Amino acid sequence: QVQLVESGGGLVQPGGSLRLSCKASGRIFSLYTTDWYRQAPGKERELVAVITSGGSTYYADSVKGRFTISRDNAKNTVYLQMNSLKPEDTAVYYCNFRPTVAWGQGTQVTVSS
């Protein structure tokens with residue numbers, strides 16, 4: 001059974017940075033497209049960033065130029081580097097494969113002064 005564990009969230013001031021990590025057991029990231037999503041209170045889950053098995057990356061317009069998705073194949077970990085954070089980035093962040101497997105618990109990111 002595939003399990004996903006997100007970590008690295010926290011409270012940060014506007015303009016700050018965080019790096020989220022996503023680890024998987026039971027599946028190798030480099031063989032699949034992996035997505036980072038986020039869900040703010042009262043809103044639907046939205047796709048934030050994508051990395052394909054070939055290493056191509058795609059971003060939502062709202063985060064383009066500020067967020068970077070990457071993958072460390074040796075550690076079987078996918079990262080989301082988030083810079084120039086804004087209050088509207090506040091959400092629970094999740095990673096998942098495509099097609100999705102069971103969701104992890106997510107990691108809370110709060111951007112506030």
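In which loop is Pro99 found? Pro99 lies in the loop between β9 and β10, and a cis peptide bond, with omega at about 0 degrees, joins this residue to Arg98. The structure is a predicted model, in which local features need pLDDT of at least 70 and side-chain atom pairs count only at pLDDT 80 or more, while totals for chains, interfaces and linings use all residues. Residues are numbered from 1 along each chain as its sequence is written, and side-chain values use heavy atoms, with hydrogens and water left out.

The protein contains zero helices and ten strands, where helices (H or I, at least four residues) and strands (E, at least two) are DSSP runs numbered from the N terminus. From the N terminus on, the elements accordingly read β-β-β-β-β-β-β-β-β-β. The radius of gyration, taken over C-alpha atoms, is 13 Å, which agrees with the value near 13 Å that a compact globule of 113 residues would have; the globule rule is 2.2 Å times the number of residues to the power 0.38. Along the principal axes, the C-alpha atoms fill a box of roughly 40 × 25 × 25 Å. Of the 113 residues, 44% are buried, a term that means under 20% relative accessible area, as against exposed at over 50% and partly exposed in between (1.4 Å probe, protein chains only). The accessible surface comes to about 5,900 Å², of which 48% belongs to carbon and sulfur atoms; accessible areas come from the Shrake-Rupley method with a 1.4 Å probe, and for residues only the protein chains shown count as cover. Among the contacts with a separation of 6 or more, 53% are made by residues 24 or more positions apart, a contact being heavy atoms within 4.5 Å.

Five residues lie between the strands in the hairpin of β5 and β6, where Gly55 has a positive phi near 95 degrees. Strands β9 (residues 91-98) and β10 (residues 107-111) are antiparallel and are joined by three bridges, with Tyr93 opposite Thr107 in β10.

A further open sheet is formed by four strands in the order β1-β3-β8-β7, with antiparallel pairing. Its edge strands are β1 (3-7) and β7 (67-72), each of which pairs on one side only, and its neighbouring strands are turned by 15 degrees against each other on average, direction ignored. Five bridges join β1 and β3 in the antiparallel sense, and the bridge partner of Leu4 in β3 is Ala24.

The structure holds one disulfide, defined as a pair of cysteine sulfur atoms within 2.5 Å. This disulfide is formed by Cys22 and Cys95, whose sulfur atoms are 1.8 Å apart. Because Cys22 lies in strand β3 (residues 18-25) and Cys95 in strand β9, the pair ties together parts that are 73 residues apart in sequence. The link of Cys22 and Cys95 is right-handed, with 65 degrees about the S-S bond, and both Cys22 and Cys95 are buried.

Most residues other than glycine have a negative phi, and most peptide bonds are trans. Asn76, in the loop between β7 and β8 (77-82), has a positive phi near 50 degrees and is buried, with a relative accessible area of 18%. Ser84, in the loop between β8 and β9, likewise has a positive phi near 50 degrees, but this residue is partly exposed, with a relative accessible area of 41%.

Technical notes. Pairing = 2+ DSSP bridges. Axes fitted to C-alpha atoms, helices over the stretch in contact; angles between N-to-C directions.
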